[in-house]
Amino acid sequence: MTTIGVLALQGDVREHMQALSRIGVTPVGVRRVRELEAVEGLVIPGGESTTIDKLLRIFELYEPLRTRLAEGLPVLGTCAGMIMLATDIIGGIEGQQTLGAIPMTVRRNAFGRQVDSSEVQLTWRPDGSTMHATFIRAPWVESFGDDVEVLAVDEAHGDRTVAVRHGNAIATSFHPEIVAPGAVADDRVHALLAEIVAAR
Ligand code: GLN
């Protein structure tokens, strides 16, 4: 069975574990280098990118993770996780570092106060269907390299790029791990990660 890790330093780790379990993947929390070495794919959850950045360095995971990502470890970063995967940030705090797995610039807390948190219907480009997306103090992708594929755009807020793929790395501004009360879980983003892991 496929084993996908969830970086378990801060953020909504449990929700990602649940999403992975729903699609038949074994989720494991990653806090140590040996746990990172054992996984076939990784999720970097939403939370607070400045905190995740600091904890990565405290737990001595920053360099090993950068290396594994450079070697093509399949990864999904959501919200703060998207920020962590970017090469550049607008609106980061002084000294904030990222892992540089996707050649893109993200704008932190981009949607402004009025739309701090919102629920939006997006078109999920890989299959052209509608996806219900939850945004919480989300970043958007300001610019990206030629080899970055756009997976979703938020038409409700000025056609902002909110999901991308670059090689084995996926990033979303929104939280595919969050299931709204009364809603049916939509695990297509996690399923895409599992597909990338399986194809490798
Ligand atoms: N604003 C947060 C950050 O900068 C991200 C918010 C989230 O992950 N829901 O890290």
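I136 sits in strand β8, which runs over residues 129-136. Strands here are DSSP runs of E with at least two residues, helices are runs of H or I with at least four, and both are numbered from the N terminus. The model is a predicted one, so local features need pLDDT of at least 70 and side-chain atom pairs count only at pLDDT 80 or more, while totals for chains, interfaces and linings use all residues. Residues are numbered from 1 along each chain as its sequence is written.

Back to I136: it counts as partly exposed because it has 17 C-beta neighbours inside 10 Å. The scale is simple: 20 or more other C-beta atoms within 10 Å of a residue's own make it buried, 12 or fewer make it exposed, and anything in between is partly exposed, with C-beta atoms placed from the backbone. Leaving aside neighbours within four places in sequence, I136 is in contact with G46, C79, S117 and H175. Contact means that the two C-beta atoms, placed from the backbone, lie within 7 Å.

I136 also turns up around the ligand, together with G46, G47, E48, S49, C79, A80, I83, R108, N109 and R137. A residue is put in this shell if its C-beta atom, placed from the backbone, lies within 6 Å of the molecule. By class, the shell has four nonpolar, four polar and three charged residues. Here Ala, Val, Leu, Ile, Met, Phe, Trp, Tyr, Cys and Pro count as nonpolar, Asp, Glu, Lys and Arg as charged, and the others, Gly among them, as polar.

An unreviewed UniProt entry lists G47, E48, S49, R108, I136 and R137 under "binding site". These residues are spread over 91 residues of sequence but cluster in space, with a largest C-alpha distance of 12.9 Å. UniProt positions follow the numbering used here, feature names are shortened, and annotations may be inferred rather than shown by experiment. G47 lies in the loop between β3 and α3, and it counts as buried because it has 21 C-beta neighbours inside 10 Å. Beyond its neighbours within four places in sequence, G47 is in contact with Q10, G11, D12, I52 and A80.

The unreviewed UniProt entry's "active site" annotation covers C79, H175 and E177. They span 99 residues in sequence, yet no two of their C-alpha atoms are more than 10.9 Å apart, so they gather at one spot. C79 is in the loop between β4 and α5 and is buried, with 29 other C-beta atoms within 10 Å. Not counting residues up to four places away in sequence, C79 touches G46, I136, A138, P139, S173 and H175. E177 has its place in the loop between β12 and α6 and is buried too, with 28 other C-beta atoms within 10 Å. Its contacts, leaving aside neighbours within four places in sequence, are D12, E15, H16, A19 and T78.

Then there is helix α6, with its 12 residues at 188-199. Its buried residues are V189, H190, L192, L193, A194, I196 and V197, and they pack against β1, α1, β3, β4 and β12. V189 has 25 other C-beta atoms within 10 Å and touches L76, I170, T172 and P176, not counting residues up to four places away in sequence.

In the largest nonpolar core, I4, L42, V75 and L85 touch the most other members, out of 62 residues. Helix α6 gives the most to this core, with six residues. Such a core is a set of buried Ala, Val, Leu, Ile, Met, Phe, Trp, Tyr and Cys residues joined through C-beta atoms within 7 Å.

Methods:
Expected span 1.5 Å × (residues − 1).
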